[in-house]
Amino acid sequence: MEANFAPTYAPTLPVTTDADVRARREKEGRCADCGAQTHEVKRLGFRGKRREKIPLDVEGEVRRGRCLRCHPIRIDAVAMPVAMPVATATPPQPLGFPSARPITVVVGTRSKIKVGAVTEALSSSCPGGRIDVRGVDSSSGVPSQPRGRDETRRGAANRALGARRAAPAADLWIGIQNGVYENASGVIVDASCLVCYRADDYKLGKGEEGSVCFWSDELEVPTDGSMRPGPNGEWSYLKDPHAVLTGGARPRHKFISDAICQALEHGNLILPGRSLDRHNLTLMEGCTHVGLKHAV
């Protein structure tokens with residue numbers, strides 16, 4: 001007599017994709033490519049539901065949250081000054097400042113936080129350079145609370161172009177716009193988008209196609225109702241919710257100034273007067289040198 005055996009089934013195990021691994025690493029503050037720790041993740045708020053990622057600096061491994069193993073900084077991306085004859089040699093100029101003439105930077109907002117962040121970043125990145133930063137009124141052309149990266153980027157571009165119209169003789173125009181969007185990990189975050197135009201690009205005929213667009217670090221937006229919204233649909237009624245959510249450790253202006261410092265350091269943002277070919281530089285994540293019609 002043949003024995004009857006009930007069929008057995010192996011349990012179905014969840015399939016982990018490469019995208020899942022990358023998303024989990026980013027959520028844990030690690031490099032999505034190799035898993036090295038690039039950010040310190042702090043849990044904030046009630047029961048630690050909110051997370052704040054703080055960029056790390058590890059000698060030879062991580063620079064301001066950038067994994068140097070997977071995204072090295074090209075040494076040849078920095079132009080070296082051409083040697084001058086001894087008879088006509090002049091003292092070397094600070095990086096990014098080709099002459100004694102001050103560089104005029106116009107920011108498309110009168111926000112003290114944003115104008116102060118630009119001033120702090122350029123002063124710290126180029127010590128000794130003469131620079132004049134001022135803010136002007138400039139419309140974003142988007143709602144008071146932009147939603148999505150496209151709308152946020154469009155607001156920053158409009159502010160930069162408005163700054164150029166208000167001060168056409170300036171050397172650099174910067175538009176800064178904060179927006180809310182869902183990141184790759186499915187978390188609702190706030191981040192600043194910065195769009196920059198250089199007078200040098202207009203002189204070369206590049207115009208808006210020579211624009212630079214990059215983003216600040218993200219701040220997780222509380223969705224538990226603990227933050228009172230603003231009168232015009234803003235996710236917070238506070239001018240600087242970043243300072244509150246990080247316990248004063250990292251106010252909003254630090255998010256913006258850190259983004260500018262990284263863009264300068266990695267060669268993504270070249271100050272006026274520099275003649276580097278930006279299309280041959282290594283780009284950091286989230287940065288682009290293409291026109292706004294093609295920006296990502």
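Me: Which side chain meets glutamate 265 in a salt bridge, and what is the N to O distance?
Reply: In this predicted model, the side chain of glutamate 265 meets that of arginine 63 at 2.7 Å, N to O, where a salt bridge is a side-chain nitrogen of Lys or Arg within 4 Å of a carboxyl oxygen of Asp or Glu. Glutamate 265 lies in helix H6 and arginine 63 in strand S3, so the pair ties together parts that are 202 residues apart in sequence; helices (H or I, at least four residues) and strands (E, at least two) are DSSP runs, numbered from the N terminus.

Me: Before I go on, what should I know about the numbering and the cut-offs on confidence?
Reply: Residues are numbered from 1 along each chain as its sequence is written, and side-chain values use heavy atoms, with hydrogens and water left out. Because the model is predicted, local features need pLDDT of at least 70 and side-chain atom pairs count only at pLDDT 80 or more, while totals for chains, interfaces and linings use all residues.

Me: Is glutamate 265 buried or partly exposed?
Reply: Glutamate 265 is partly exposed, with a relative accessible area of 27%, and arginine 63 is also partly exposed, at 32%; buried means under 20% relative accessible area, exposed over 50%, and partly exposed in between (1.4 Å probe, protein chains only).

Me: How many salt bridges does a search of the whole structure find?
Reply: The search finds 11 salt bridges, and one of them joins arginine 250 to aspartate 258 at 3.0 Å, N to O. Arginine 250 counts as buried at 6% relative accessibility, as does aspartate 258 at 18%. Salt bridges that share partners join Glu120, Asp217, Arg250, Lys254 and Asp258 into one network.

Me: Where is arginine 250, and which residues is it in contact with?
Reply: Arginine 250 is placed in the loop between helix H5 (241-245) and helix H6 (252-265). Leaving aside neighbours within four places in sequence, its contacts (heavy atoms within 4.5 Å) include Glu52, Lys53, Asp217, Phe255 and Asp258.

Me: Glutamate 52, then: where is it found?
Reply: Glutamate 52 is found in strand S2 (residues 50-55) and is buried, with a relative accessible area of 1%. Beyond neighbours within four places in sequence, glutamate 52 is in contact with residues including Glu40, Glu218, Arg250 and Phe255, and its C-alpha is 8.0 Å from that of glutamate 40, which is 12 residues away in sequence.

Me: Switching to arginine 159, how far away is the nearest side chain of opposite charge?
Reply: That side chain is aspartate 137, at 7.8 Å, and arginine 159 is buried yet has no salt bridge; for charge, Lys and Arg count as positive and Asp and Glu as negative, with His and the chain ends not counted. Arginine 159 lies in helix H3 (residues 149-166), and a polar atom of its side chain lies 3.4 Å from the backbone oxygen of glycine 108.

Me: How many aromatic pairs are there in the whole structure?
Reply: The search finds 1 aromatic pair, counting rings of Phe, Tyr and Trp (its six-membered ring) with centres within 6.5 Å, where planes under 30 degrees apart count as stacked, over 60 as edge-to-face and the rest as tilted. The rings of tyrosine 181 and tryptophan 215 have centres 5.8 Å apart and planes at 75°, so the pair is edge-to-face. Tyrosine 181 is in strand S7 (residues 172-182) and tryptophan 215 in strand S9 (residues 212-215), 34 residues apart.

Methods
A polar contact is a pair of N or O atoms within 3.5 Å; within protein, one must be able to donate a hydrogen and the other to accept it, and residues adjacent in sequence count only if both atoms are side-chain atoms.
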